[in-house]
Every structure is written in structure tokens, then in C-alpha cells.
Amino acid sequence: ERLVGAEVHAYFGRFDEAEKIYLAMDRRDLALDLRAKLGDWFKVVQLVQQGGGGDDTLLSKAWDSIGDFYFERQRPAKAAQSYLQAKNSQGLVNSYYALGDYQGLEKLAASLPDSSPLLRDIGDKFVTVGLAEQAAASFAKAGDVQAAVKACTDLNQWAAAVTLAEAHRLPDIERVLSHSAKLLLDGKKTMMAVELYRKGGRATDAAKLLSQLARADALAHAPPLRVKKLFLLAALQVESFRVKALDTRLTAGTKHTTAQTLSGLMKDDASAGADKMLDSPWRGAEAYHFLCLAQRQLYGGQVDAAMRTAQRLREYESILDVVEIYSLVALTAFYAKFYGQCSRALIKLETLALPAEQHAAFEQLALSIFTRHPPQDPSVRRFPCPKCDAMINDWSVSCGECGSHFPACVVTGRAVIESKNVWICKTCKHRAYEDGMRGRVSCPLCHGAVDGGAGGGSRQAASNVSRRRIDEDPLDQF
């Protein structure tokens with residue numbers, strides 16, 4: 001009779017009374033069946049947790065249905081908890097994605113078996129939010145390496161794409177990279193093509209494009225600082241190619257003799273040097289660095305320093321405008337009262353193939369200067385050449401007797417005649433006097449960081465890091 005009474009209560013919708021009767025009769029299974037038929041999954045879970053009964057299938061179905069309930073009502077956090085209890089991986093994927101919990105999604109992908117079709121779904125979701133590394137890992141675990149490579153290329157992660165392609169011996173990656181670069185170049189997006197080549201590990205191609213861009217900007221009379229930065233970026237790409245080649249050869253050197261490793265390094269260096277665009281970026285960066293330095297010194301009132309730096313520009317006639325070089329030499333020498341150097345610069349300008357009006361202007365300028373000042377330089381301190389002891393000026397590019405070449409200090413523009421008290425940049429290998437590096441945290445030419453182990457000037461610079469800020473990524477300027 002009690003069982004019939006419970007059925008009557010259930011028939012008339014008095015479910016709580018029916019449930020109480022079932023529980024009083026110790027028929028928890030009937031109570032669970034009632035709540036399951038009603039779709040009251042919260043009550044199903046509550047009954048199971050209170051006193052057992054039911055089976056794992058029913059409980060899993062209950063948690064799964066509760067997860068659906070929360071997910072449909074835009075409560076993915078609650079849904080994820082329920083799907084986790086139900087061990088519903090598909091529900092967890094959707095909930096984590098809706099929550100933006102990509103770390104949880106990554107952990108879920110790692111826990112799934114390799115054959116799971118959910119891995120591709122997870123990979124697609126990672127692609128939509130730009131997480132190339134996680135997308136590639138999901139696709140690769142699913143056995144779809146092509147999709148992993150495509151995810152990397154679509155998200156412009158070419159280094160990861162090339163690494164994957166090389167690891168799985170996929171031959172098409174270079175073709176895809178070249179095609180993508182061609183599309184960018186055809187669309188006049190040169191800097192994007194440079195970034196593409198850089199991320200794809202093709203540093204030499206990136207360097208060539210940067211050199212071409214620098215030369216084009218130089219012809220268009222772009223700001224010298226921009227041209228310098230473009231040449232600098234090209235030079236740094238060449239250096240990265242050489243460092244990578246060195247690391248590769250040294251790694252392979254464990255299986256080869258020292259002679260074979262050295263021979264391979266020489267071939268790599270020769271291949272880079274054979275292309276003039278790959279051999280000249282440092283000279284381009286130097287030329288525009290010293291041009292900017294001479295201008296800053298001149299406008300800063302350091303006329304003697306500006307004259308010495310301008311003299312260095314004569315070494316870069318193949319890169320800079322010759323008229324600009326000798327005009328600056330003449331101007332700085334005039335203000336520094338080095339009329340001998342000013343005379344030589346004006347004579348050089350008069351011998352160039354220039355329009356008649358410019359020739360006449362230079363002749364008139366020379367006449368107006370040297371009718372008042374004899375073309376003579378003041379006496380200055382001279383230094384002995386380290387090799388032949390011939391006396392030379394501190395702006396000399398080379399010794400007139402033995403032909404020894406003197407590098408320039410990238411801080412002051414003066415010739416670095418002696419090797420003592422000289423700082424050498426670990427990035428670009430250029431030199432500077434240590435007293436000029438005091439208070440600096442970066443190389444004036446390449447902006448490479450100064451460490452504390454390169455001499456007194458560097459140690460002082462390391463202690464004054466807070467005094468000067470540097471731009472660590474030159475690409476931010478474009």
C-alpha cells in the first residue's frame with residue numbers, strides 16, 4: 001500500500017512526498033529512478049551523496065547533465081567543475097575555452113591519449129587565440145604534423161614551424177616561407193618580410209632586405225639615424241647567422257676533427273662575405289654612426305671633437321654622399337680653426353663633378369676664408385705609430401709610413417692608436433676608450449649591453465645603470 005501511495009503522489013505531481021515514502025521504505029533506488037525520470041539531476045547527486053545507491057553510470061550522467069545546465073546558462077566555471085566530476089573531456093574543452101583558461105586546456109591536452117579526436121579541436125581553439133606553441137603541441141600529439149606546422153606559419157611563428165618541419169622531415173616549409181615572403185614584398189611590406197625571415201631562421205635573407213632598405217632610404221635622404229638603425233639591424237642579423245653557424249659547427253665538431261670544423265667555419269664565413277650586402281652592414285652602421293656623432297658634436301659646441309669625427313667619414317666615400325662628407329669636414333675644420341684641413345676639404349669639393357653653380361659657390365667660399373686665414377693647422381699633440389713610431393694625428397685613419405689602420409672610438413670619434421685602456425664591445429667588436437664609456441650601459445654603436453668585466457669604465461657603467469635608459473629592440477622604432 002505504501003508503494004501504491006508513492007505512485008499516486010508521483011502521478012499527481014507530489015514528488016517530494018513520493019520520494020519520502022520511497023526513502024522510508026528503504027527503496028532509494030526508486031527515489032533515484034524518480035528523480036532521474038524528472039531530470040532533477042541535482043537531487044540525484046544529493047541522494048547518492050547522502051546514502052549511496054545508484055551506480056557510476058548514473059552519477060556520471062547526473063554530473064554531465066548538471067554541467068550542461070550550467071554551460072547553457074553561461075556559467076562555464078560551474079560547468080567545468082561538473083564536467084570534471086563526470087570525466088567529460090569534450091565538456092571540459094568547451095568550458096575551459098569559454099573561461100579563457102588556456103593553461104587548463106593545455107593540461108587537458110597533455111592528459112588525453114594520442115588517438116583522441118579532441119586534440120585537433122583543442123589545437124583549433126589554440127589557433128583562434130594565437131597560442132602557436134600550444135596549438136602545435138596538440139596537433140603534433142594527434143599525429144597531424146602538417147596541421148602543427150600550418151598553425152605556426154599562420155600565427156607567424158616561423159622558427160617553430162621550421163624546427164617542426166626539420167624534425168619530421170617535411171620538405172615544403174622553405175617553399176611556404178619563400179612564398180609568404182614574396183607576397184609581403186610584392187605588397188611593399190618589407191619590414192614584415194624581414195621579420196618573417198628572422199623568425200624563420202633565414203638571417204642572411206633578412207640582412208639583405210635590411211641592407212637594401214637602408215640603401216634606398218639613404219638615396220631618399222631619410223633621417224641618418226633611421227638609416228644607421230637599418231644598417232645596424234642588418235649587421236646584427238649577419239652576426240646571428242655567424243653565431244648560429246659557429247654553434248652548429250662546434251656541435252658537429254664532436255664527430256669531426258678540429259681541421260674539418262675549422263674548414264667548415266671558414267666556408268660559412270666566406271659564403272657570408274662573398275655577398276657585398278652581407279659584408280658591408282657594419283660599415284654602413286659605422287658611417288652613419290660617425291655622421292650623426294659629428295653632427296651632435298658640432299651642434300653641441302664640441303668643434304674640435306666634431307672635426308676629428310668628420311675626418312673619419314672620408315673612409316666611407318662608397319656609402320655616404322661625398323659632397324656631404326667634405327662639406328662637413330670643411331665646416332667643422334673652419335669652426336675648429338684647422339684651416340689646413342678646411343682647405344683640403346674645399347679643394348676636394350672643387351675637383352668633384354658638380355654643377356657650375358656649386359663649383360662657383362665653393363670657389364667663392366674658399367676665397368672669402370683664405371684671404372683672411374692662411375691654410376694652416378694649429379700645432380697639436382701627435383702620437384707615435386705603435387708599429388713604426390712615425391708621428392701621427394689622433395684623427396688619422398691610417399699611418400702614412402707603414403699603412404697601419406687605426407679603428408675609431410665609437411664614443412668620441414678619435415683614432416684608437418694604443419690598445420691599453422680600451423673597451424671592446426662583445427656584440428659588435430668595436431672599440432672605445434674606457435674614459436668615454438664611464439656612465440654608459442650600452443655600446444654607442446650597436447646598443448649592446450655593457451657588462452662589468454670589461455675594465456674600469458665598464459665597471460663604472462654597471463654601477464650607474466639607473467642613470468641612462470636604452471632601447472633594447474631597435475625594431476620598435478619602425
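1. Lining of the second largest pocket. In this predicted model, helix H15 supplies the largest share of the lining of the second largest pocket, namely 4 residues. The space in this pocket amounts to about 310 Å³. Its lining is made up of 15 residues, and those closest to the centre of the pocket are Ala218, Leu219, Tyr288, Ile319 and Asp321.

2. Sorted by class, the lining residues of the second largest pocket comprise 9 nonpolar, 2 polar and 4 charged residues.

3. Helices H19 and H21. Two packed helices are described by the angle between their axes and the distance between the axes. The crossing of H19 past H21 is left-handed. On the H19 side, Leu291, Ala294, Gln295 and Leu298 take part; they meet Glu324, Leu328, Leu331, Thr332 and Tyr335 of H21. This contact has 6 nonpolar, 2 polar and 1 charged residues.

4. Helices H22 and H23. How are these two helices oriented towards each other? Helix H22 (residues 339-351) and helix H23 (residues 356-370) have axes 9 Å apart and pack at an angle of about 160 degrees. Because of this angle, H22 is roughly antiparallel to H23; the cut-off for that description is an angle over 145 degrees. H22 passes H23 in a crossing that is left-handed. From H22, the contact involves Tyr339, Cys342, Ser343, Leu346, Leu349, Glu350 and Thr351, while H23 provides His359, Phe362, Glu363, Leu365, Ala366, Ile369 and Phe370. The classes in the contact of H22 with H23 are 9 nonpolar, 3 polar and 2 charged residues.

5. Helices H10 and H11. The axes of helix H10 (residues 132-141) and helix H11 (residues 145-154) cross at roughly 170 degrees and come within 7 Å. H10 and H11 are therefore roughly antiparallel to each other. Ala132, Ala135, Ala136, Phe139 and Ala140 form the H10 side of the contact, and Ala147, Ala148, Ala151 and Cys152 form the H11 side.

6. Composition of the H10 and H11 contact. Which classes of residue occur where H10 meets H11? The contact has 9 nonpolar residues, with no polar and no charged residues.

Definitions and conventions
Residues numbered from 1 in each chain as written. Predicted model: local features only at pLDDT ≥ 70, side-chain atom pairs only at ≥ 80, totals over all residues. Heavy atoms only, no water. 1 Å grid on protein atoms, 1.4 Å probe; cavity = no way out; pocket = protein on both sides within 12 Å on 5 of 7 lines; lining within 4 Å. Points joined across faces, edges and corners; volume = space filled by probe spheres on them. Nonpolar A, V, L, I, M, F, W, Y, C, P; charged D, E, K, R; others polar. Axes fitted to C-alpha atoms, helices over the stretch in contact; angles between N-to-C directions. Parallel < 35°, antiparallel > 145°, perpendicular 65-115°, else oblique. Left-handed = near helix turned anticlockwise from the far one by under 90°. Contact = heavy atoms within 4.5 Å.
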